[in-house]
Amino acid sequence: MSKRSVSPLTVLFFRVLMFGLGVFLTYTFARNTFEPIWYKVSGHTVEGRISGFLAGRNSPSVQREPDGVRKGKRKARRPVFLYPVAPGSKDSLEARSATAALTTISNYALHERVTVVVDKNAPEKAYIFGFQLMIGSFLAMLLGLFMIRLGLLWRL
């Protein structure tokens, strides 16, 4: 039996690709994991409520149902929430979550009260401080770290 060898250039290409994708995933999802924690420590914590759910990944339309069917499967939608600018303020803003819940079971309900963390200097930067949103981002960040490791070491 002859053993086929892989070109070193091909290996380098896939290692760089794996490393780059890992850095992108880690950066994107680490922000969604750790910024809410940072805002909880250094910003305001207010009570908000869920005002709707985004229809799709890039769709601006807001729906009333917390989940929808995509490609024949039921998927959780990203929540849209309304929150006061500061504690005790009558002014409010509406924000859209960057991540969705992991499963439809753990998704938020319409008009549900949620804990919202807001940056002191920029009230438009707000996150829902909830386990069901942060765990999905954390798992995706771990996948990105694993891809970085594969790109650097090329072994499990």
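This briefing walks through a cavity, a nonpolar core, a helix and a few single residues.

The model is predicted, so local features need pLDDT of at least 70 and side-chain atom pairs count only at pLDDT 80 or more, while totals for chains, interfaces and linings use all residues. Residues are numbered from 1 along each chain as its sequence is written, and side-chain values use heavy atoms, with hydrogens and water left out. Helices (H or I, at least four residues) and strands (E, at least two) are DSSP runs, numbered from the N terminus.

**The cavity**

- The structure holds one cavity of 30 Å³ or more; a cavity is a set of points, on a 1 Å grid over the protein atoms alone, where a 1.4 Å probe fits but cannot get out.
- The largest cavity has a volume of about 80 Å³, where volume is the space filled by probe spheres set on the points, and grid points are joined across faces, edges and corners.
- Its lining (residues with an atom within 4 Å of a point) consists of Asn32, Pro36, Phe81, Ser97, Ala98, Thr99, Tyr127, Ile128, Leu133, Met134 and Ser137.
- Helix H1 (8–42), strand E8 (126–128) and helix H2 (131–153) each supply at least two lining residues, and the largest share, three residues, comes from H2.
- By class, this lining has seven nonpolar, four polar and no charged residues; Ala, Val, Leu, Ile, Met, Phe, Trp, Tyr, Cys and Pro count as nonpolar, Asp, Glu, Lys and Arg as charged, and the others, Gly among them, as polar.

**The nonpolar core**

- The largest nonpolar core has 13 residues, and those with the most contacts inside it are Ile50, Phe81, Tyr83, Tyr108, Val116 and Ile128.
- Strand E1 (44–54), strand E5 (79–84), E7 and E8 each give two or more residues to this core.
- Such a core is a set of buried Ala, Val, Leu, Ile, Met, Phe, Trp, Tyr and Cys residues joined through side-chain atoms within 4.5 Å; buried means under 20% relative accessible area, exposed over 50%, and partly exposed in between (1.4 Å probe, protein chains only).
- Isoleucine 50 lies in strand E1 and is buried, with a relative accessible area of 0%.
- Leaving out residues up to four places away in sequence, isoleucine 50 touches residues including Phe81, Tyr108, Val114 and Ile128, where contact means heavy atoms within 4.5 Å.
- With the same exclusion, isoleucine 128 touches Ile50, Pro79, Phe81, Tyr108, Val114, Thr115 and Leu133.

**Helix H2**

- The 23 residues of H2 should span 33 Å at 1.5 Å a residue, and its end C-alpha atoms are 32 Å apart, which agrees; the expected span is 1.5 Å times one less than the number of residues.
- Among the buried residues of H2 are Leu133, Met134, Ser137, Ala140 and Met141, and what covers the buried residues includes H1, E5 and E8.
- Just after H2, tryptophan 154 takes a positive phi of about 60°.

**The loop between E6 and E7**

- Asparagine 107 sits in the loop between strand E6 (92–96) and strand E7 (113–118) and is buried, with a relative accessible area of 13%.
- Leaving aside neighbours within four places in sequence, asparagine 107 contacts Phe53, Pro66, Asp67, Ala76, Arg77 and Ala101.
- Histidine 111 also lies in the loop between E6 and E7; this residue is partly exposed, with a relative accessible area of 46%, and has a positive phi near 65°.

Key
On a 1 Å grid over the protein atoms alone, a cavity is a set of points where a 1.4 Å probe fits but cannot get out, and a pocket is an open set with protein on both sides within 12 Å along at least five of seven lines; lining residues have an atom within 4 Å of a point.
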